[in-house]
Amino acid sequence: QEQLVESGGGLVQAGGSVRLSCAASVSIFAITTMAWYRQGLGKERELVASITRGANTNYADSVKGRFTISRDNAKNTVYLQMNSLKPEDTAVYYCNAVSVLAVIGERNYWGQGTQVTVSS
């Protein structure tokens, strides 16, 4: 079992919507920030959106106003609602979680990635 389990990726038409989900295992303690990254073919991985435990968010300029990140702390789950999708949104989307504990310190976790393909 993966510590970060993603779902919701797939094929969608331009202008359509899709919601990605990422559930973190209870074995991951004291998660502070959760985020979504993406990597297009032949491109570098980039931050799409992030959210703190207190629900402070930030977005890449390219998705501002179209994507919404949210989280359910009780379920240790983060979501990415993607609306008005464009072909340039096509990429592998990765879930990320950061935990910070005294003594143990900071740890970074990554999901396996899920493909989102937007057709024109």
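Predicted model: local features only at pLDDT ≥ 70, side-chain atom pairs only at ≥ 80, totals over all residues.
A disulfide is a pair of cysteine sulfur atoms within 2.5 Å.

**Entry 1. The disulfide**

I looked for sulfur pairs under this rule and found 1 disulfide. Cysteine 22 and cysteine 95 form it, with their sulfur atoms 2.1 Å apart. Next I took the torsion about the S-S bond. For cysteine 22 and cysteine 95 it is about -85 degrees, so the disulfide is left-handed.

Which parts does the pair tie together? Cysteine 22 sits in strand S3 (residues 18-24) and cysteine 95 in strand S9 (residues 91-101), so the link joins parts that are 73 residues apart in sequence. I then asked about solvent. Are the two cysteines buried or exposed? Cysteine 22 has a relative accessible area of 0%, so I note it as buried. Cysteine 95 is also at 0% relative accessibility and counts as buried.

**Entry 2. The whole chain**

I stepped back to the fold. The protein chain has 0 helices and 11 strands. Read from the N terminus, the elements run β-β-β-β-β-β-β-β-β-β-β. The radius of gyration is 14 Å, close to the 14 Å that the globule rule gives for 120 residues, so the chain is as compact as a globular protein of that length. Along the principal axes, the C-alpha atoms fill a box of roughly 50 × 30 × 25 Å.

Buried residues make up 42% of the 120 residues. Of the contacts with a separation of 6 or more, 53% come from residues 24 or more positions apart.

**Entry 3. The core**

In soluble globular proteins, nonpolar side chains tend to be buried together. I looked for that here. The largest nonpolar core has 29 residues. Trp36, Leu80, Met82 and Tyr93 have the most contacts inside it. I listed the strands that each supply at least two residues of this core: S3, S4, strand S5 (46-52), strand S7 (67-72), strand S8 (77-82), S9 and strand S11 (114-119).

**Entry 4. Strand S9 and its partners**

S9 pairs with strand S10 (residues 105-110) in the antiparallel sense over 6 bridges. Asparagine 96 has tryptophan 110 as its bridge partner in S10. I checked the hairpin of S9 and S10, which has 3 residues between the strands. Valine 103 takes a positive phi there, near 75 degrees.

S9 is also joined to S11, by 3 bridges, and the two run antiparallel. Here valine 92 has glutamine 115 as its bridge partner. I stayed on valine 92, which is found in S9. At 21% relative accessibility, valine 92 counts as partly exposed, because the buried class ends under 20%. Leaving aside neighbours within four places in sequence, its contacts are Tyr37, Arg38, Gln39, Gly113, Thr114 and Gln115. For valine 92 and tyrosine 37 I noted the C-alpha to C-alpha separation: 8.3 Å in space and 55 residues in sequence.

**Entry 5. Strand S11**

How do the side chains point along S11? They alternate. Thr114, Val116 and Val118 point to one face and are buried.

**Entry 6. Two buried arginines**

Arginine 38 lies in strand S4 (residues 31-39). Arginine 38 is at 6% relative accessibility, so it counts as buried. What does its side chain make a polar contact with? The partner is the side chain of aspartate 89, at 3.0 Å. Beyond neighbours within four places in sequence, arginine 38 is in contact with residues including Glu44, Glu46, Phe67, Asp89 and Tyr93.

Arginine 66 lies in the loop between strand S6 (57-59) and S7. At 11% relative accessibility, arginine 66 counts as buried too. With neighbours within four places left aside, arginine 66 is in contact with Gln81, Met82, Asn83, Ser84, Leu85, Lys86 and Asp89. I note that Asp89 is in the contact lists of arginine 38 and arginine 66.

Technical notes. Residues numbered from 1 in each chain as written. Heavy atoms only, no water. Helix = DSSP H or I, 4+ residues; strand = E, 2+ residues; numbered from the N terminus. Buried < 20%, exposed > 50% of the residue type's maximum accessible area, 1.4 Å probe, protein only. Polar contact = N/O pair within 3.5 Å; in protein donor to acceptor, adjacent residues only side chain to side chain. Contact = heavy atoms within 4.5 Å. Core = buried A, V, L, I, M, F, W, Y, C linked by side-chain atoms within 4.5 Å. Pairing = 2+ DSSP bridges. Rg over C-alpha atoms; globule rule 2.2 N^0.38 Å.
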